[in-house]
Amino acid sequence: MLRTLAAVPPGIRVVDVACGPGRHLDPLARLGFDVWGSAEDAGDVEAARRRLAETLGEDESARRVTRGAPDALGYPAAWADWMVLAGIADLDAALTEAARVLKPGAWVWVETDAADGLWEAADSAGLVIAEAPAEEDGVTHAIFRRPGDVG
């Protein structure tokens, strides 16, 4: 995922859905991205805030990492440039929410060990395949895009 986003210009808004303890957030912030994260578990939210505070400070990390479910993020519609969905059990609901939160022309990077139905779920959410999915060691990586012109 970091290799994929390394080719993206800094400054864009990246949302890490189900960010866990924030393993992606701080590296992305250090690369210059406008990072946001959500986690369902309160302990993960606190761990992600601590990790992100190293780069953005405590107040800013507390604002950017929130508690929320992958299918009800609380972010505005058409707000994010990229989203990261890694290890999410209900990809149907998460991809539907991602399609709502993504700007037209924006992207979502998915990592899952349960790829059955992934393409159908993305299609149902209104997303299109942007990069051919690849599987390595039982884990599938795919990039989908919300149709539309980048704004």
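How many bridges join β6 to β7, and do they run parallel or antiparallel? I found 6 bridges between β6 and β7, and the two strands run antiparallel.

**Basis.** I worked from a predicted model, in which local features need pLDDT of at least 70, side-chain atom pairs count only at pLDDT 80 or more, and totals for chains, interfaces and linings use all residues. Residues are numbered from 1 along each chain as its sequence is written, and side-chain values use heavy atoms, with hydrogens and water left out.

**Terms for strands and helices.** I took helices (H or I, at least four residues) and strands (E, at least two) as DSSP runs, numbered from the N terminus. Two strands pair if DSSP finds at least two bridges between them.

**Hairpin.** I noted that β6 and β7 form a hairpin with 2 residues between them. In the turn, Asp137 has a positive phi of about 55 degrees. Val128 stands opposite Arg145 of β7.

**Sheet.** I read the strand order of the open, 7-stranded sheet as β3-β2-β1-β4-β5-β7-β6, with mixed pairing. β3 (65-67) and β6 (128-136) each have a single partner strand, so one side of each is left without a neighbour in the sheet. Neighbouring strands are turned by 15 degrees against each other on average, direction ignored; axes are lines fitted to C-alpha atoms, for helices over the stretch in contact, and angles run from 0 to 180 degrees between N-to-C directions. I also looked up β1 (residues 13-17) and β2 (residues 34-39), which pair in the parallel sense over 4 bridges. Arg13 has Asp34 of β2 as its bridge partner.

**Helices on the sheet.** I found helix α3 (residues 42-56) lying across β2 and β3, at about 170 degrees to β3. Helix α6 (residues 118-125) lies across β5 (102-112), β6 and β7 (139-145), at about 20 degrees to β7.

**Helix pair.** The axes of α5 (residues 91-101) and α6 come within 8 Å and cross at roughly 35 degrees. I recorded the contact (heavy atoms within 4.5 Å) as made by Leu91, Asp92, Leu95, Thr96 and Ala99 of α5 with Leu118, Ala121, Ala122 and Ala125 of α6. These residues divide into 7 nonpolar, 1 polar and 1 charged; Ala, Val, Leu, Ile, Met, Phe, Trp, Tyr, Cys and Pro count as nonpolar, Asp, Glu, Lys and Arg as charged, and the others, Gly among them, as polar.
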